[in-house]
Amino acid sequence: MVLRRLTEADLDDLAALDADPEVMRHLTGGRPTPREVIRDRILPAVLDDYERSPGFGRFAAIERATGEFLGWFSLLRDEHRRGQASLGYRLRRAAWGRGLATEGSRALIRLAFAELGVERVVATTMAVNVASRRVMEKAGMTLARTFYLSWPDPIDGAEHGDVEYAVTAQEARKVTETTSSGAPAGSAELHRQSSGAERRRRPPEHTA
Ligand SMILES: CC(C)(COP(=O)(O)OP(=O)(O)OC[C@H]1O[C@@H](n2cnc3c(N)ncnc32)[C@H](O)[C@@H]1OP(=O)(O)O)[C@@H](O)C(=O)NCCC(=O)NCCS
């Protein structure tokens, strides 16, 4: 799997991803994100973020062999807590169950600590989102807290609250020291350069 920056050309794939009620189950209760919202609000914000926080952002996950869009991963700088970043992911249903979310999460956590000066990576999900919690655990994170938010229109399972998992740079170093060194086999490859299409639209100094 390859992680690369998203571009406007990814609109259809992003809309199709968010149109699957199973993908959106623990995010919106299954409601799709309208395509116009992705086109006019979400994607422009994602592209702006590459400029505002170099190295961070939301990245398309692409099947290395076929070029197929698998979904996305995000590593976002926490604007309120210095040294902290949050991890997120959303994959097409066809890609589930192959360890890809774990692979991408590990790659972004490694990037955060090794290259972006992050001290702590957190990830949150609904307490009932067992698959996502398992990904967090497999990526080396541990449960930091359970919290309860009041939603105007709560979705199924919201009564169990949300969970936050976290890993610090120090904890991650310990794991690396006690296991094999370097990136594990089959690990996600991060394309730090903008894609060709993006380079045409953006000046080269904006590569991450
Ligand atoms: C959550 C998600 C990213 C997981 O992707 P994935 O590539 O299938 O994850 P992985 O294969 O790396 O690991 C999933 C783990 O959860 C486990 N799992 C999956 N569904 C499960 C369930 N219903 N109950 C218990 N465990 C479950 C898998 O067995 C696996 O653990 P294992 O390796 O110990 O067997 C994917 O399901 C998804 O995109 N869901 C929709 C969006 C979403 O919920 N994103 C997270 C929001 S915070």
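The bend at a residue is the angle between two fitted axes, one for the seven residues ending there and one for the seven starting there. In this predicted model, helix H3 bends by about 35° at Ile42. H3 covers residues 35-52, which makes 18 residues. From its first C-alpha to its last, H3 reaches 24 Å, close to the 26 Å expected at 1.5 Å a residue. Ile38, Val46 and Tyr50 are buried in H3. The packing partners of the buried residues of H3 are strand S1 (2-5), helix H1 (11-18) and strand S2 (57-62).

**Chain and sheet**

The chain contains 7 helices and 8 strands. It has 208 residues, of which 31% count as buried. Among contacts in the chain with a separation of 6 or more, 63% come from residues 24 or more positions apart.

An open sheet of 8 strands, with mixed pairing, runs in the order S6-S7-S5-S4-S3-S2-S1-S8. Its edge strands are S6 (142-147) and S8 (189-190), each of which pairs on one side only.

| Strand pair | Sense | Bridges |
|---|---|---|
| S3 (69-77) and S4 | antiparallel | 7 bridges |
| S5 (120-126) and S7 | antiparallel | 7 bridges |
| S6 and S7 | antiparallel | 5 bridges |

Arg90 in S4 is the bridge partner of Trp72. On strand S7, Tyr165 stands opposite Ala123, and Asp162 stands opposite Phe147.

In a regular strand the side chains alternate between the two faces of the sheet. Strand S7 (residues 162-168) has a covered face made of Val163, Tyr165 and Val167. The uncovered face of S7 holds Asp162, Glu164, Ala166 and Thr168.

**Two loop residues**

Thr7 lies in the loop between S1 and H1. Asp20 is found in the loop between H1 and H2. Is Thr7 buried or exposed? Thr7 counts as buried because it has 20 C-beta neighbours inside 10 Å, and the cut-off for buried is 20 or more. Asp20 has 15 such neighbours inside 10 Å, so it counts as partly exposed.

Thr7 and Ala60 are 53 residues apart along the chain, and their C-alpha atoms are separated by 8.8 Å. Asp20 and Arg93 are 73 residues apart in sequence, with 8.1 Å between them in space, C-alpha to C-alpha.

**Ligand shell**

How many residues surround the ligand? There are 19, and the closest are Ala101, Thr102, Thr125, Ala131 and Arg134. Four elements each supply at least two residues of this shell: helix H2 (21-28), strand S4 (84-91), helix H4 (100-115) and helix H5 (130-138). H5 gives the most, with 5 residues. By class, the shell is made up of 9 nonpolar, 7 polar and 3 charged residues.

Conventions:
Residues numbered from 1 in each chain as written. Predicted model: local features only at pLDDT ≥ 70, side-chain atom pairs only at ≥ 80, totals over all residues. Expected span 1.5 Å × (residues − 1). Buried ≥ 20, exposed ≤ 12 C-beta atoms within 10 Å, placed from the backbone. Contact = placed C-beta atoms within 7 Å. Near = placed C-beta within 6 Å. Nonpolar A, V, L, I, M, F, W, Y, C, P; charged D, E, K, R; others polar. Pairing = 2+ DSSP bridges.
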